[in-house]
Amino acid sequence: MFRRLLSPNPRRSAATGLLAIAAFYGGASDGPSHRTSKPPSRSFRRFCSFSHLFPLPLSTDVDVSISVPLRQLLSSTSEIFLRDFARPSLFSIGGLYPGRSPAASPFPDSDSNEEALGKNHADAPCSTTSTEKNFIAKAAALASPAVVNISVGKGGLMSSKSIGSGTIIDPDGTILTCAHCVEDLDRKKRVCNGKVGVTLQDGREFEGTVVNADFVSDIAVVKIQSKIPLPAAKLGMSSKLHPGDFVIALGCPHALKNTITSGIISCVDRKSSDLGLKGVQREYLQTDCAINKGNSGGPLVNLDGEVVGVNVMKFVAADGLGFAVPVDSVVKIVEQFMKNGKVARPWIGLKMLDLNELKIAECKDKDASCPDVRTDIVPVVFKVTPASPADRAGFRPGDTVIQFDGKPVRDIKEIVDSMRDQVGKPLKVLVKRANNKLATLTVVPEMADMDRCNAA
């Protein structure tokens, strides 16, 4: 008979379970029925705390009829009862709150609750679908010891006029920072080969030497000397970033040392032309991390504690618009510092656009002679500077670049990467023109005249 009570029918199981609960925890007598007006037992009150399932006032008289064999069975096999009648759909945490995992027992005691949740909230285990609560703190702790304060000015650190941030990237004391953070403001010099003040997170102060600075990319390298190895941050890869990724900005905004702000990547390839900046085309990481005066030169860090960018600027008239030089670009700049002592920027005199499929389709609707392309994005020439290397090579507006230096290219960035520091070297370029005609051109890059580029 007992097994028949455990019917798969939900309504029957619920009704039977309620009667059994009342009988077992309310205390049944030897007679066929028992009326009680005394307060319910503690165990019964625990079950009836689910008032929306059992809308019975705790002080109300309850009539319960139960057979003697069943009452004896329930009295002697409470474990069986709890196992079979405490159905997850009625009594488990998962049943009451859909989406949560059922508890091992429908009514764990206080000790098991503490063990499951941890002695405090900080120790509580996270679900597989949530993010660890202190993930920002852990990432910041990996990079923070390598973040430094940089000050420039006459008369020592206390009377300095410019304050910025930097990151130690090598235990020997090599520091990445912004070029505008190491300008000699007293002498109005664009390149400072003098000294700067460097203060570490632990309060140690050093005199740093500016090894090199490139004001086009706004990247500089400073060197300090220490008798013991210094804490260094690990460099990541900005090419692995995606819009929406969490990032952390570290630095000394307004001379407030050891400051951490967090946010996300808003755009991974914000072009300088989008920001109204003239001259050589550059790309930035856009973030909504708070970046203020003094943050410049500090690191933008991913959740692994790796440097993915160098913070350089923000929009003063807007919140949540900060920009950083991608670390992949920074690495190439530092390599050129070491190889050439400066950044060699080849110039061929082309202005180009990356066109997507929709733009290409629009062009073909207007002019059927527009070349066919097989990629989602293509670099297209829209202006050739007169008397430039590109003009002498025979480039024309409307040329679609298919290969550059013998390698297939899909966008302008790949063309720039192909040139890199190849000043004076002839490069073969394959272009597609109207009616799908192919032409092979040879262009010889020249060293960029930054005054001319900045005036463009």
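This is a predicted model: local features need pLDDT of at least 70, side-chain atom pairs count only at pLDDT 80 or more; totals for chains, interfaces and linings use all residues.
Reader: Is Lys271 buried, exposed or partly exposed?

Author: Residues are numbered from 1 along each chain as its sequence is written, and side-chain values use heavy atoms, leaving out hydrogens and water. Buried means under 20% relative accessible area, exposed over 50%, and partly exposed in between (1.4 Å probe, protein chains only). Lys271 has a relative accessibility of 21%, so the class is partly exposed.

Reader: Which residue forms a salt bridge with Lys271?

Author: A salt bridge here is a side-chain nitrogen of Lys or Arg within 4 Å of a carboxyl oxygen of Asp or Glu. For Lys271 the closest N and O atoms are 3.7 Å apart, and the partner is Glu283.

Reader: Which helices do Lys332 and Asp417 lie in?

Author: These two form a salt bridge, with the closest N and O atoms 3.2 Å apart. Helices (H or I, at least four residues) are DSSP runs, numbered from the N terminus. The pair ties together parts that are 85 residues apart in sequence, because Lys332 lies in helix α9 (residues 327-340) and Asp417 in helix α12 (residues 412-419).

Reader: How many salt bridges are found in the whole structure?

Author: Another one of them joins the side chains of Arg410 and Glu414 (2.9 Å, N to O). A search of the whole structure gives a total of 11.

Terms used
Helices (H or I, at least four residues) and strands (E, at least two) are DSSP runs, numbered from the N terminus.
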